[in-house]
Amino acid sequence: MNDPMPFLKACLQTRAAIAGWRHALAGAVLVVVALLLASPAHAQLVVQITRGSSAPLPIAVVPFAGNLGPATDVAAVVTADLERSGRFAVLPRTDLLATPAPGEPMLWADWRRLAVNHVLVGRVRAAGAGFAVDYELYSVTTGERLLGQTLATSPTGLRTGAHRVADAVYEKLLGVPGSFASRLAYVAVEGRAPQQKFRLVVADADGENAATVLTSAQPLMAPAFSPDGTRLAYVSFEGGRSAVWVQALRTGERQRVSARGGLNDAPAWSPDGTQLALAIASTDGNVDIWLLSLADNRLTRVTEDPAIDTEPVFSPDGQSLYFTSDRGGRAQIYRASLAGGRPQRVTFDGSYNARPRVSADGSRLALVTSVAGGYRIGVQELAGGAPRAVTEGPNDESPAFAPNGQWLVFAARRGGRGVLATVAIDSGARTVLSTNAADIRSPTWGRLP
Amino acid sequence: MKKLPLLALVATTVLLAGCPKKPTTPPDAAANSGAAVPTQPAAGAATAANDTANAQAQDTSALTPAQPLPDPEAALVARTVVYFALDSDVIGEEFTSVVAAHGKRLAGGTAHVRLEGHTDERGSDSYNNALGLRRAEAVKKALKLAGAQDAQVETVSFGEQKPAAGGEGEGEEAWAKNRRVEIVYLP
């Protein structure tokens, strides 16, 4: 609004914009049809907030102006994101006294009466083939505008745009990035043993837009997003034994990258996306950690021990690997420097610690830890200390950090079903993602491409 | 009269103390090992292979008595699942004779087996894959000790991914059925 030129240009381009809007609507309808056709096999995930945090911030999210028709309700998506985080209490829409758009005057006395600390307002416009989303975040206490931004989305990207708005609000008010604009991958298992069907699914972090990327009669497990979010590495037992595959998510093109001996397992990407750390069994069945260079398919050994060494994960600097080993008798976490040297033990408390994952800032590990005969997700600060259980069990596994390092997704069992659950490490807020059509497990969390 | 029950109790205690692994596998799970086989198509093929091999074993045995006696070896070979204790790859005493009987059957012959290692659902997925493989390798080692050749035996692990029929659900009874190695004769 500071520069009148874009506004003028927008007026001049109204015709084009309307045409673009029509295209966008047609695109949206097509997407809906595709989802309906696919829906019998793609039961939507149900997300339940099972616990909030103790002192959520009160905020109002005003319906975005111009956000009409079949387009995604941006404010509703932002509201759901903020509430799911457990850190915000969003004012019910029916309690709003006014629905101002960006740039319109704010009646601060009214907002104060509603006892909210912050207000988010926005507008959705057709722009090119897609949309532009203007949004502003205000402090009710001071009247100060904390955020005033515009983001552009593709014709089908309005929902992702809404998640980005939620990320910006979360970061502005809490000082740490959000990860609402991100994706989950997981395995859905239908049927009962021994006649089961396994599907590898990629969905938005809120469970929407779930799409099956692979179906198999044999187990699929351990998916891992490449650091840029474009590819998925995973383990498939097609053909009767385990192999590691890498699949491009945009094209669906897949490649078998390791099928050696008795076990190919637990792929983990190097931070630069050029290598996979793998657990591979030698001919005598001993499982060790290896590095696979994807460009030339070259293998380099990292560990050599008669014990089980598995579940590797890179440190964020790419200089070392954390992994599970029972070389001390029971499963514990060790760290191996890629420069060489004997692996150092990292966990000392508890009889079973496995499946480490490292937060993006390298400060903490998430792991599976045994507590009183059950298995829970634990968090251990790498500066020192013992694993602190952040879930209740009794059979939680496969923790994965959200890109922001604040939240974990993990596999759990509820009512005899496999479900995914999330926990915010610091606030303790919980959600459960489930579907009554399948057991779901092996979750991982990745960036949007 | 008073001494007899006491003696029996002492004897039982000594016996139990001597084989601590026995109670870890429920008797019904052990009995299931034969019954579970035909329910799977792949295992059904394995059963057919077993029968052929049994017939051969009897034909070539010069020491077959004139009277038909129950064949203890055949009964052992009919059991094709070995069960394990939690987080263990040690073959329990009650399965050593079963595995040895399979090893003897393989010895000098041309049959091939695939040993499929499995775990219960507790603990971490990939650790369980490695544990399942370790169980399969333990059975392979025992088969080789009984005379099987390396090339006759392949090992594979499914970890916790393929619970046994009836092994779904939670609780020790279900889990015990899943901590297993299935001996599958390949066609």
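Two strands are taken as paired if DSSP finds at least two bridges between them; strands (E, at least two residues) are DSSP runs, numbered from the N terminus. The model is predicted, so that local features need pLDDT of at least 70 and side-chain atom pairs count only at pLDDT 80 or more, while totals for chains, interfaces and linings use all residues. Residues are numbered from 1 along each chain as its sequence is written, and chains are lettered from A and ligands numbered from 1 in the order in which they are written.

In chain A, strand β19 (residues 320-325) pairs with strand β20 (residues 332-337) in the antiparallel sense over 6 bridges. Ser320(A) has Ser337(A) in β20(A) as its bridge partner. The two strands, β19(A) and β20(A), form a hairpin with 6 residues between them, and Gly329(A) in the turn has a positive phi of about 115°. On β20(A), antiparallel pairing with strand β21 (residues 344-345) of chain A is also found, over 2 bridges. Here Tyr334(A) is bridged to Arg345(A) in β21(A). The hairpin of β20(A) and β21(A) likewise has 6 residues between the strands, and Gly340(A) takes a positive phi near 110°.

An open sheet of 4 strands in chain A runs in the order β14-β15-β16-β17, with antiparallel pairing. Because β14 and β17 (298-301) of chain A are the edge strands, each with a single partner strand, one side of each is left without a neighbour in the sheet. Neighbouring strands of this sheet are turned by 30° against each other on average, direction ignored (axes are lines fitted to C-alpha atoms). Strand β16 (residues 287-293) of chain A pairs with β17(A) in the antiparallel sense over 4 bridges, and the partner of Leu291(A) in β17(A) is Thr300(A).

The largest nonpolar core has 145 residues, of which Val74(A), Val78(A) and Leu120(A) touch the most other members. Such a core is a set of buried Ala, Val, Leu, Ile, Met, Phe, Trp, Tyr and Cys residues joined through C-beta atoms within 7 Å, buried meaning that 20 or more other C-beta atoms lie within 10 Å of the residue's own, with C-beta atoms placed from the backbone. Residues touched by Val74(A), not counting those up to four places away in sequence, include Phe64(A), Val124(A), Leu158(A) and Val165(A); contact requires C-beta atoms, placed from the backbone, within 7 Å.

The contact between chains takes 35 residues from chain A and 28 residues from chain B. Strands of chain A that each supply at least two residues of the side touching chain B include β10 (220-225), β18 (309-314) and β22 (353-358).

Terms used:
A residue is buried if 20 or more other C-beta atoms lie within 10 Å of its own, exposed if 12 or fewer, and partly exposed in between; C-beta atoms are placed from the backbone. Two residues are in contact if their C-beta atoms, placed from the backbone, lie within 7 Å. Axes are lines fitted to C-alpha atoms, for helices over the stretch in contact, and angles run from 0 to 180 degrees between N-to-C directions.
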